[in-house]
Amino acid sequence: MYLKPIANPPSEWKADLLVLILDKNEELFSLDDEKLQERVDSLKEEYNSGNREGVYTFEPRHREDIGTVAVYSTSSYKGFSTAEVIKTCVASAIKMAADTRRFNVMVALNAPNGLQYVGKAAEASGLALWSFNCYKKDKKDVSEDMTIQFAVSELAPAEKAFAEGLVFANCVNMARNLCCQPGDVINPQTLCAEGKQLAEEFGYEFVEYDEPRLKEEGFNGHIKVGSGSQYPPCMFAITYTPPVPEGEEAPKDLPHLALVGKGLTFDSGGISIKPAANMHEMKGDMAGAAAVLGAMRAIGNLKPKIKVTAIICAAENMPDGKAQRPGDIITYKNGKSVHVENTDAEGRLVLADGLILAGEMGATHIIDICTLTGACVRALGESFTGIMGNNRSLINAVTFAGGVQGESYWKLPLPLEYRKMLDTPYADLTNSAGPLAGAITAGLFLKEFVPESARWAHLDIAGPAWRSKAWKYYPAGPTGVGVRTLTELAWHWDEYFK
């Protein structure tokens, strides 16, 4: 797929499919064509009056250089920002073009107001035709033959926004690809190798905690969770430090953001084994780790002004003679002990190690991201990430950053009175607090391992990490949720913490 912005006048446009998006409040495109404009104005009245919705296609017979015109209206989509609707329309048009083998697509955003959405449209193009086909005999992808051009009013700012939009799309797709790989391909060691390769590519600092080092340094959550697998657990950290311009000194008191990702490369539930139905999707239980790695790739391209460390907690949770049992007790590096009542509540056990390591590395702000609880899915469905934490400013910043990038968050409380639900006579706390408030008690569990001085937010992406049906610009399957939010937050950190 070849994508590029162009500043050619409408009279020079050539396309198998011309995409026009109408909006009640903004003119997104301009047409130097009276007949075409007259048809579009008529359609705009129909959309605005509610007499038409969805896409309308027609052939402009007076234009031999344009095969079909596809007209969309933002009024057909409720509950989303204009940017999200434009992305959805662009993705829909590109999918239609691919299905009907219209290989040359033109998206018109050449009005001044359209310029602000060029980056979003480019991102949607990169996301729309993603597929995971590396194991199929026929790997031919129709999108490889497609040329998608974006008509704009100013080329220089459009090219900048266009490049940034493709960074987001490519990094989200990286996370989606990782989530689709089988558990015998992406295991803790190969996930670590992915992180090491990423670090080498961008010159990041890389630190690996293999099984012997985990044991030596007391990161016992990983050891217990991974004890039933043929693939030893590991934890690794990659650190981006912003470049210092020549002749300047590195700024003091630079914020240090730690992104802690759950990397359960396959989760059978362990001894507390899961039902067989849909267990194959548990290869995606490392969606949090995939999101963090995708964000680190984007950060390497966009170069924000804060220090960012990714900490990936990688293990495979399998039943075996050596696996941890319900009733086992884990003593963590911070001295707290955990009674394991359910081996399928394992994500929090490895994330606890990651939170402790983030503190040791001097993080001022910590965000963990994980497919943690079915309770969060039941509460918020597939479109919202549950967010909890100990700092309102960080929670608000994540929420606003997500909104900018089309990812939605809903704040859940961490009430102190619910902490007693984690009490057990056998240890300092239990890893499974019962059937009530499961997402909240999981957050309260993690809070026990957050360094006292750090601002912390917990993102439970169990719902939006995997869509059961096509939605917006996503086909069914993994979404790479979190990549854009985490990148946006780091990239524009000063704007969110004024």
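Predicted model: local features only at pLDDT ≥ 70, side-chain atom pairs only at ≥ 80, totals over all residues.
The largest nonpolar core has 114 residues. Those with the most contacts inside this core are L18, L20, L191, L293, M296, I367 and L489. L18 illustrates the packing. Beyond its neighbours within four places in sequence, L18 is in contact with W13, L36, I66, T68, V69, A70, M106 and A108. Another core lies apart from the largest one and has 49 residues. Among them are L214, I311, V340 and L380. In soluble globular proteins, nonpolar side chains tend to be buried together.

Burial also marks helix α3, which spans residues 118–128. Of its 11 residues, 11 are buried, so α3 is largely enclosed by the rest of the structure. The buried residues include K120 and E123, as well as V118, L127 and A128.

Helix α4 (residues 155–180) packs against helix α8 and helix α13. Two packed helices are described by the angle between their axes and the distance between the axes.

Helix α8 covers residues 287–302. The angle between α4 and α8 is about 155 degrees, and their axes are 8 Å apart. Angles over 145 degrees count as roughly antiparallel, and α4 and α8 are therefore roughly antiparallel to each other. Their crossing is right-handed. On the α4 side, the contact is made by E164, V167, F168, C171, M174, A175, L178 and C179. On the α8 side, the contact residues are A287, A290, A291, L293, G294, R297, A298, N301 and L302. By class, this contact has 13 nonpolar, 2 polar and 2 charged residues. L293 of α8 is also listed among the residues with the most contacts inside the largest core.

Helix α13 covers residues 483–491. α4 and α13 pack at an angle of about 135 degrees, with axes 9 Å apart. The two helices are therefore oblique to each other. The crossing of α4 and α13 is right-handed. α4 contributes E164, F168, C171, V172 and A175 to the contact. α13 contributes V483, R484, T487, E488 and W491. The classes here are 6 nonpolar, 1 polar and 3 charged residues.

K303 lies in the loop between α8 and β10 (307–317). Its relative accessibility is 48%, so K303 counts as partly exposed. A437 lies in the loop between β16 (429–430) and α12 (438–447). At 28% relative accessibility, A437 counts as partly exposed.

Methods
Residues numbered from 1 in each chain as written. Heavy atoms only, no water. Core = buried A, V, L, I, M, F, W, Y, C linked by side-chain atoms within 4.5 Å. Buried < 20%, exposed > 50% of the residue type's maximum accessible area, 1.4 Å probe, protein only. Contact = heavy atoms within 4.5 Å. Axes fitted to C-alpha atoms, helices over the stretch in contact; angles between N-to-C directions. Helix = DSSP H or I, 4+ residues; strand = E, 2+ residues; numbered from the N terminus. Parallel < 35°, antiparallel > 145°, perpendicular 65-115°, else oblique. Left-handed = near helix turned anticlockwise from the far one by under 90°. Nonpolar A, V, L, I, M, F, W, Y, C, P; charged D, E, K, R; others polar.
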